[in-house]
Amino acid sequence: MKKTIKDYDLKNKKVIIRVDFNVPIKDGIILDDSRIVKSIKTIKYAKENGAKVILMSHLGRVKDENDLKNTLKPVAIRLEEILKTNVLFIDTTRGEKLEQAVNNMKPGDIILMENTRFEDLNGKLESSNDDSLGKYWASLGDIFINDAFGTSHRAHASNVGIASNLPNGIGFLIEEELKYIENVLNNPKRPFNVILGGAKVSDKIGVIETLVKKADYILIGGAMAYTFLKSRDINVGASIVDNDSVEYCKDLLNKYSDKIILPIDSVNGETLDSKKSRTCFINEIKNNEIGLDIGYNTIKLFKSYLSDSKTILWNGPVGYFENETFAKGTCLLCEVLKSIDAIKIVGGGDTGSAVKNLGYEDSVTFISTGGGATLELLEGKKMDGIDVINEQGN
Ligand code: AMP
């Protein structure tokens, strides 16, 4: 068990919390604040326990001066609204202004430092986990708490760098992510069934490898399904196929033919933004058609596998849900999940957005905040930002 924020006496301590405020922002407006909302529990706990709270986060990539538009200022404003308390935004990532602000803090005060990746302009110091940057940021605090799950699969100065130089722990958000995902991997209540979708098979090979051994069934939808179908020599028309993965899919289907369930019908369009669709059985897709969703028969088939589940893990939308015409499969699958009494975990990124946008957030048990991080944890890969945190008792 990792040390957590609860293992420390925070009173009067300068507590650096690495949060994930990497939210979508357009023209200064935050389009989805759920990552901020999910960070609140840890921030409030630190404030209420008398900490001087120093928040750090990245926002987008920062490659050149144009990316200086990725300021965390709008996040500070939103955070103040949610917390109903002052948040002092410091528009720099180092120097006297930052240091003075930290030195002037009183217990319960909250500072949000500017985007950690602004340091990438000085030669990728943040993203390459530059030793002196990690030490410098650590020098601002007494305790470090990592609560940014979305970047915890990377070694950056703002997670691994600081953690290597301070007493450390994880926050409530990472604790919850680990609880759900590790439980799925190590001790799932059975039947345990997985739904995989999305676009590219190659991105998910590691996850498939791990889950095919642990799950009872793997149901495959999304563009990914057409790569699997092609490997069975089925004509998939103009559907998106990950050609480099066809052989891999063929081998996997040979090895796990009774575990991997593929769609039996397909909703097709002639273009991605098509308003018209045609549904057909899988072997009837025409050459000019792109398979963009699963049909009712597939939903029924998937339901028959899912209905007795005790644990369901879903990663990847089963259709091109950004276009309403092809969002029905994903939407109906949400309805199916709603009707099932099981632990229902949704892998982050697009699947999380789909479930939220379609209004089914309350119908699932847990939506992960990670995209790549969720996939890597599911694969059983090393998670640098979490591995660096001390175990309890140390
Ligand atoms: P991924 O990042 O691999 O999980 O892919 C997610 C993306 O795949 C989303 O933008 C979906 O709309 C898209 N997607 C899902 N199914 C299809 C499909 N049949 N054809 C094209 N794109 C799809």
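Strand 15, residues 311-315, is mostly covered, with five of its five residues buried. The model is predicted.

**Strand 15: side-chain directions**
- Thr-311, Leu-313 and Asn-315 point one way from strand 15.
- Ile-312 and Trp-314 point the other way.
- Residues on both sides of strand 15 are buried, Asn-315 and Trp-314 among them.

**Strand 15: pairing**
- Strand 9 (residues 192-196) runs parallel to strand 15 and is joined to it by five bridges.
- In this pairing, Val-194 stands opposite Leu-313 of strand 15.
- Strand 16 (residues 343-346) also pairs with strand 15 in the parallel sense, over four bridges.
- Here Thr-311 is the residue opposite Ile-343 of strand 16.

- Helix 11, residues 328-338, forms a β-α-β unit together with strands 15 and 16.
- The unit is right-handed.

**Phe-144**
- Phe-144 counts as buried because its relative accessibility is 0%, and the cut-off for buried is under 20%.
- Leaving aside residues up to four places away in sequence, Phe-144 touches Ile-16, Arg-18, Ser-158, Asn-159, Ile-162, Ala-163, Leu-166, Pro-167, Asn-168 and Gly-169.
- Between Phe-144 and Lys-328 the C-alpha to C-alpha distance is 44 Å, and the two are 184 residues apart in sequence.

Key:
Residues numbered from 1 in each chain as written. Predicted model: local features only at pLDDT ≥ 70, side-chain atom pairs only at ≥ 80, totals over all residues. Heavy atoms only, no water. Buried < 20%, exposed > 50% of the residue type's maximum accessible area, 1.4 Å probe, protein only. Helix = DSSP H or I, 4+ residues; strand = E, 2+ residues; numbered from the N terminus. Pairing = 2+ DSSP bridges. Right-handed = clockwise from strand over helix to strand, strands pointing away. Contact = heavy atoms within 4.5 Å.
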